[in-house]
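Take a look at the sequence and the fold, then read on.

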Amino acid sequence: MTEKSTIGWAGLTKLIQKAHRIVLTTHIHPDGDGLGCEVAVYHHLQTIGKECRIINISPVPHQYDFLNEGGIIEYYTEKDRTWVAEADLGLVFDVGDAARIGSFSADLLRNAVTVSIDHHPVRPGQDFTYLINDLEAPAAGTMLWEYLRQVNNNPHLPKRIADALYTALVTDTGSFRYSNTTERAHTMAIDLIRSGTVPHLIHRHIYENRRIQEVRLLGEVIRRLEFACDGRIAHFRITAETLTNCAAVPGDVDGFTDYARSIEGVEVSFMLLVVSPVVTRLNFRSMGNITVNDVAGHYGGGGHKFAAGATIAHKSLDEIEKEVIDLLAQKINGSDIKEDTSR
Ligand SMILES: [Mn+2]
């Protein structure tokens, strides 16, 4: 299928009404946005009496355990295959690229009608049946907030839905720091607070639950941080050995590229994370003058203009590092970044 049909919220409501069994999912290494969307929609579907399950291809990172009351966020295993194959609707959140739900997409896409609800530019040739796409939404959770607000007749959303959506918002805006922190983001926050969300408690769960191995790993990253292009590029690599030495796991690297980007003069930061002996994860963060989703696209990845990534197989770290610096340097040298931009 090449041409995708866009359906509005009314179309989604109809699909939900017709469906008997609904799967909710998000990308590999789920973040607060994907998980928040799943949990919010799960509670909504429970309320209207729909059979549904949240099934992901990665476990829940520990800082989001508070969203997983009753173990509602499940990890896909062999025993779920039949159940998933018999589902008639799949809602996929925060996934611009079907490859990011891995082989699960094949099982899900075989029989179910699928709807991608996302704020990333969707890569062409995706196999989802329908798309609901809003590139201006600060988070996919913002889109779901607008939807659930429409279908919920009460003046306030149930608190557990509000907490899940607030999690989506606060993580995708970098705690209201990134360029997607718009009036719409703050309007959403106000509405969720009115529905009972207590921001500092959510913040404590997500950001003040760091494990010691995560902090040790950050220490290593800072110690070995490298710069290129007169300090405009900050970059680091995390090898399997580094992970082992710190007793850390790939999920512990959350926010590290943001940290590197926050250094004075840095326009773009990137991380090379060794996921397996042949697979490397490349992540970018940009200050907002240099786009990085096109550079990620060079490796078959994608994302937002200023936050993107790719998964690369069978290429050495040295090779990727050199190529990426060259690609970024061309962009940086070709642009006219002012020395003193007020941000
Ligand atoms: Mn998102």
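This is a predicted model: local features need pLDDT of at least 70, side-chain atom pairs count only at pLDDT 80 or more; totals for chains, interfaces and linings use all residues.

Which residues are exposed on the other side of α13? They are Asp318, Glu319, Lys322, Asp326, Gln330, Asn333 and Gly334.

**The overall picture**

Now look at contacts with a separation of 6 or more: 66% of them come from residues 24 or more positions apart.

**Back to helix α13**

Helix α13 covers residues 317–334, and its 18 residues should span 26 Å at 1.5 Å a residue; the end C-alpha atoms are 26 Å apart, which agrees. Its buried residues are Glu321, Val324, Leu328 and Lys331. Viewed down the axis of α13, the buried residues fall within an arc of 100°, so they line one face of the helix. There's a general point behind this kind of pattern: an α-helix has 3.6 residues a turn, so residues three or four places apart point the same way.

What covers the buried residues of α13? Included in the cover are β9 (233–238), β10 (268–276), β11 (279–286) and α12 (293–297).

**Strand β11 and its partners**

One of those covering elements, β11, is mostly covered itself, with seven of its eight residues buried. β11 runs antiparallel to β10, and eight bridges join the two. Together β10 and β11 make a hairpin, with two residues between them. β11 is also joined to strand β13 (residues 307–313) by seven bridges, again antiparallel.

**The open sheet**

Elsewhere you'll find an open sheet of seven strands, paired in parallel, in the order β1-β7-β6-β5-β2-β3-β4. Why is one side of β1 and of β4 left without a neighbour in the sheet? β1 (5–6) and β4 (73–75) stand at the edges and each has a single partner strand, so one side of each has no neighbour there.

Helix α1 (residues 9–18) packs on this sheet and touches β5, β6 and β7 (130–133). The direction of α1 makes about 140° with that of β6.

Further along the sheet is β2, where five of the six residues are buried, so β2 is largely enclosed by the rest of the structure. In general, strands of a sheet pair through backbone hydrogen bonds, either parallel or antiparallel.

| Strand pair | Bridges | Direction |
|---|---|---|
| β10 and β11 | eight bridges | antiparallel |
| β11 and β13 | seven bridges | antiparallel |
| β5 and β6 | five bridges | parallel |
| β2 and β3 | four bridges | parallel |

Valine 274 has threonine 280 in β11 as its bridge partner, and valine 279 stands opposite alanine 313 in β13.

**A few loop residues**

Which loop holds histidine 29? Histidine 29 sits between β2 (21–26) and α2 (32–47). Histidine 29 isn't a glycine, yet it has a positive phi of about 50°. With 19 C-beta neighbours inside 10 Å, histidine 29 counts as partly exposed, because a residue needs 20 or more to be called buried.

Cysteine 229 lies in the loop between β8 (226–228) and β9. Cysteine 229 has a positive phi of about 55°, although it is not a glycine. Cysteine 229 counts as partly exposed, with 18 C-beta neighbours inside 10 Å.

Lastly, arginine 211 is found in the loop between α8 (199–207) and α9 (212–223). Arginine 211 is partly exposed, with 14 other C-beta atoms within 10 Å. How many residues apart in sequence are arginine 211 and aspartate 252? They are 41 residues apart in sequence, and 8.5 Å apart in space from C-alpha to C-alpha.

Notes:
Residues are numbered from 1 along each chain as its sequence is written. Two residues are in contact if their C-beta atoms, placed from the backbone, lie within 7 Å. A residue is buried if 20 or more other C-beta atoms lie within 10 Å of its own, exposed if 12 or fewer, and partly exposed in between; C-beta atoms are placed from the backbone. The expected span of a helix is 1.5 Å times one less than its number of residues. The arc is that of the directions from the helix axis to the C-beta atoms. Two strands pair if DSSP finds at least two bridges between them. Axes are lines fitted to C-alpha atoms, for helices over the stretch in contact, and angles run from 0 to 180 degrees between N-to-C directions.
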